[in-house]
Amino acid sequence: MTRPKRIWLLATVIGLAFALRVAGLDFQSLWRDEVDAIRFATGSWDGLLDMFVAPGQNGPLYFLVLRPWLYLAGLSGFALRFFSVFFGTLAVPLSYRLCRRLFPMHRSLPLLAAILAATSPYLIWYSQEGKMYSLVVVLVLLSMDRYLAALHLGGWQRWVLYIASTSAAVYVHFLAALLIPAQMLIFLFVGADKRRIRWKAWLASLGLLVLPYLPLLRWQLPLALSPAETGYDFVPLHKMLLSLVANYSLGVGSGQWVWAASLSVILLPMAVWQWRRQRAHLASLGMLLSWLWVPVLGLFLLTLVRPMYTARYLIFVLPAYLALVAAGALAVAERSRVIAGLLIGAILCLNFLGLFRQSQTPLKADFRSATAYVASAKAPNDLLIFQIPYGRHSFDYYLARYQERVQPNNQQAVDARGRDGEYQLFMPLVAGGAKASYRWADGLYTNHGMDQGAAYAAMERLTAGSEIVWLIATEVEMWDARGLVQAWLEQNAKLLDEARFVGVSVYRYELRAGT
């Protein structure tokens, strides 16, 4: 294929990637982490900057760069997620560029890797989510590209860009720090002559990487090494690997298709076997395997002390996985183009099947519909109980959207940003905005100690003076695994209405006289 044809094909793949990411962008309701992104990005400057050194905070740089975008584009779910679409699309040409650097003699391999990245259902899912995951993928791809360029070609500019992109990745998602030990191992796969020339610059770059990371390390290291309740269950290594393969091959919520992921797994060792006598190819494969395996094993070791595994935390190793699949397909093609074509076709079919499922199945907690349902029926004196309390963040966000739609002349709803440019209706009593336009209460935290008697007494105090009580329930097991809040309502109130949405259930109760 001539160079102009390759360029046009790559441009077509990038266009396809953008189309797949922007289509149905607002289909899923925003879930609580996405609403948090709006909260944090539009909060006070002091609070936003404090996140860079505050214990337990993740992604402060993402919220910082998101802030001006939301100011320009607005606070809609589409605007929030379009920010991720841009970086999710940018990941495709960066994957192409990195594979060209790793396999300069195989011009079809970068194109295949770009096609796999463009159609990856998992990468598309997180390119449509208002969180930092597509941005961290881009920063890690840039870090790897500049790192390899600096090792092979030298030049202080390349080292500076490597340090900057890697540091940025860590401040966008703190687990991106697991890339650094992977890159230390990658150094061993560079030729001995390059190691001899670059080792001083390499050591200096590692030292400079540590400096901007020290503010995070102050709280991350003690936190990571201290056993604690995290809300996550411990996941054994074999189940972690199965989860990663299923998600990275088939997309989110694809547990029933795990068997199909074997098509991708089959291709992973093929390149090693086919190119076992080609030192340059084996070195590139070793770099990709280091990038893939070291962060996975590093996170597993952390979870031995503090369980925190979920597949999206390791999304920055997905480009290495896709590059290895592309290399395996090319290795098979050297034996049989027909078999390789069938395998690639099957993988692309699974990609589009996963995309179709993600685009047609509501998978995130549907607070958009739940809020509209409650807002259309509640009376001013009704009491809304949020279980878990964090659900109120999403409710407030969509309540403002609902009021803008049904009450366009309501100045409080229209002027959502307020005089000082900060969002007022959202999280009003915590973020310093206007008073809430409804009566509400946080649900009880009954896990780890509160008995039934104490819970029931607290519910009596909580609902005193109310006739109608709404229970807005989501992820209840995190806060009230025994269901004591709803059990009290069932005993002391009459259920008037209920509605169930994806991830959210709404109940309307009338308290009995004398309660």
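Modeller: Let's start with two tyrosines: Tyr248 and Tyr321 are both buried. Buried means under 20% relative accessible area, exposed means over 50%, and partly exposed is in between, with a 1.4 Å probe and protein chains only. This is a predicted model, where local features need pLDDT of at least 70, side-chain atom pairs count only at pLDDT 80 or more, and totals for chains, interfaces and linings use all residues. Residues are numbered from 1 along each chain as its sequence is written, and side-chain values use heavy atoms, leaving out hydrogens and water.

Biologist: Why is the pair of Tyr248 and Tyr321 called edge-to-face?

Modeller: Rings of Phe, Tyr and Trp (its six-membered ring) pair if their centres lie within 6.5 Å; planes under 30 degrees apart are stacked, over 60 edge-to-face, and the rest tilted. By this rule there are 27 aromatic pairs. For Tyr248 and Tyr321 the centres are 6.3 Å apart and the planes stand at 65°, so the pair is edge-to-face.

Biologist: What makes this pair a tie between separate parts of the sequence?

Modeller: Tyr248 is in helix α12 (residues 237–250) and Tyr321 in helix α15 (residues 318–335), so the pair links parts 73 residues apart in sequence. Helices (H or I, at least four residues) and strands (E, at least two) are DSSP runs, numbered from the N terminus. The chain has 22 helices and 5 strands.

Biologist: How do you know that Arg67 lies over the face of Trp45?

Modeller: A charge sits over a ring if NZ of Lys or CZ of Arg is within 6 Å of the ring centre and within 35 degrees of the ring normal. Arg67 lies 4.3 Å from the ring centre of Trp45. The charged end of Arg401 sits over the ring of Tyr397, at 5.0 Å from its centre.

Biologist: What makes a set of residues a nonpolar core?

Modeller: A nonpolar core is a set of buried Ala, Val, Leu, Ile, Met, Phe, Trp, Tyr and Cys residues joined through side-chain atoms within 4.5 Å. The largest has 127 residues, and Tyr147 and Trp275 are among those with the most contacts inside it. A second, separate core of 19 residues includes Val469 and Leu471.

Biologist: Why are β2 and β4 said to stand at the edges of the sheet?

Modeller: Two strands pair if DSSP finds at least two bridges between them. The open sheet of 5 strands has the order β2-β1-β3-β5-β4, with mixed pairing. β2 (439–442) and β4 (493–501) each have a single partner strand, so one side of each lacks a neighbour in the sheet. From one strand to the next, the twist averages 20°.

Biologist: How do you know that β1 and β3 pair?

Modeller: Strand β1 (residues 383–387) and strand β3 (residues 468–473) share 5 bridges in the parallel sense, and the rule asks for at least two, so they pair. Ile385 stands opposite Leu471 in β3. Helix α21 (residues 452–463) packs on the sheet, touching β1, β2, β3 and β5 (504–511), and its direction makes about 145° with that of β1. Contact means heavy atoms within 4.5 Å; axes are lines fitted to C-alpha atoms, for helices over the stretch in contact, and angles run from 0 to 180 degrees between N-to-C directions.

Biologist: Why is β5 described as largely enclosed?

Modeller: In β5, 6 of the 8 residues are buried, so the rest of the structure largely encloses this strand. β3 and β5 pair in the antiparallel sense over 6 bridges, and Val469 has Tyr509 as its bridge partner in β5. β4 and β5 are also antiparallel, over 8 bridges. They form a hairpin with 2 residues between them, and Gly503 in the turn has a positive phi of about 75°.

Biologist: What makes the phi of His448 worth a remark?

Modeller: Most residues other than glycine have a negative phi, and most peptide bonds are trans. His448 has a positive phi of about 60° although it is not a glycine. His448 lies in the loop between β2 and α21. Its relative accessible area of 66% makes His448 exposed.

Biologist: Why is Glu475 called partly exposed?

Modeller: Its relative accessible area is 29%, so Glu475 falls in the partly exposed class. Glu475 too has a positive phi, of about 50°, and lies in the loop between β3 and α22.

Biologist: Where is there a cis peptide bond?

Modeller: The bond from Gln387 to Ile388 is cis, with omega near 15°. Ile388 lies in the loop between β1 and α18 (391–406).
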